[in-house]
Amino acid sequence: RVRTRLGGSSMLEEIFRMIGAQPDVVEAATKEFLLDDVSLIAMKRNCWETVSMDEALRDHLSGRVLEFLGLSEVQQDNFLQILDQMRRLVVRRRDMLPELDNSPIPEEVVGELVVPYSGAITLHELSTNLGIQPYNGQVKIYNMIDERGTRICQTMNDEDSFFDFLVTNFYKANLSLATLGSIGDANDATARYVVTIASEGAKLQTAGSWF
């Protein structure tokens, strides 16, 4: 589980660097406008107009604060584009492949799709959109690393674990995968982890195994 420190700005500063913001803009963002990493996950244009909230908070969450910082429209668009790519899951559908007598399936033949957080607000919604039964153990993450450096398999069986994963997926983003400008599209994602939809047989075979 990721615990993001209030006032921390390492990710914010990296995104500013990627869009070519000047150092004084970064300083103003953190010291004058009190932007930090925590505010990034919910920052989305045209999402908060009808919500009753403090105006300063609305400026943060809507991204208007980027305009106040003097960023150009292109820089503002690139900043928010990166955040959109960070709010996406990479999903690998191993359940759609034919059985191969328990033989390993080469990863290159396993199709991937990108699912935005808006289509995966909950584990139940993700499962419904993918056409699988919720909470049946098919949703797995095989490439997570624990605090001791051990590669583990995590099975998503409850909403609390899935919510923690969404936060982790955002704040552990691989920003080098971000695609800026007009060449970016809905298939671009910065996800470091892959959500694997295992078949029923794979779910039973992997019970109690270490990865």
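A search of the whole of this predicted model finds 4 aromatic pairs.

**Stop 1: Phe165 and Tyr193**

Select Phe165 and Tyr193 and show their side chains. What are the centre to centre distance and the angle between the planes for Phe165 and Tyr193? The centres lie 6.3 Å apart and the planes are at 50°, and the pair is classed as tilted. Because the pairing cut-off for ring centres is within 6.5 Å, this pair is counted.

Now colour by secondary structure. Phe165 belongs to helix 7 (residues 159-171), while Tyr193 sits in the loop between helix 7 and strand 5 (194-197). Phe165 has 2% relative accessibility and counts as buried. Tyr193 is buried as well, with a relative accessible area of 9%.

**Stop 2: Phe170 and Tyr171**

Next, select Phe170 and Tyr171. Their ring centres are 4.8 Å apart and their planes stand at 75°, so this pair is edge-to-face. The angle decides the class, because planes over 60 degrees apart count as edge-to-face. Are these two residues buried or exposed? Phe170 is buried, at a relative accessible area of 0%. Tyr171, at 14% relative accessibility, also counts as buried, because the limit for that label is under 20%.

**Stop 3: Ser127**

Move to Ser127, which is placed in helix 6 (residues 123-130). Its relative accessibility is 1%, so Ser127 counts as buried. Which residues does Ser127 touch, leaving out those up to four places away in sequence? Select Ile132, Gln133, Pro134 and Val139 to display these contacts.

**Stop 4: helix 1 against helix 2**

Finally, select helix 1 (residues 10-18) and helix 2 (residues 23-31) and show them as cartoons. The two axes come within 10 Å and cross at roughly 150°. Angles over 145 degrees count as roughly antiparallel, and helix 1 and helix 2 are therefore roughly antiparallel to each other. Their crossing is right-handed.

On the helix 1 side are Leu12, Glu13 and Phe16; on the helix 2 side they meet Val25, Val26, Ala29 and Thr30. Sorted by class, the contact between helix 1 and helix 2 has 5 nonpolar residues, 1 polar and 1 charged.

Conventions
Residues numbered from 1 in each chain as written. Predicted model: local features only at pLDDT ≥ 70, side-chain atom pairs only at ≥ 80, totals over all residues. Heavy atoms only, no water. Axes fitted to C-alpha atoms, helices over the stretch in contact; angles between N-to-C directions. Helix = DSSP H or I, 4+ residues; strand = E, 2+ residues; numbered from the N terminus. Parallel < 35°, antiparallel > 145°, perpendicular 65-115°, else oblique. Left-handed = near helix turned anticlockwise from the far one by under 90°. Contact = heavy atoms within 4.5 Å. Nonpolar A, V, L, I, M, F, W, Y, C, P; charged D, E, K, R; others polar. Phe/Tyr/Trp six-rings, centres within 6.5 Å; stacked < 30°, edge-to-face > 60°. Buried < 20%, exposed > 50% of the residue type's maximum accessible area, 1.4 Å probe, protein only.
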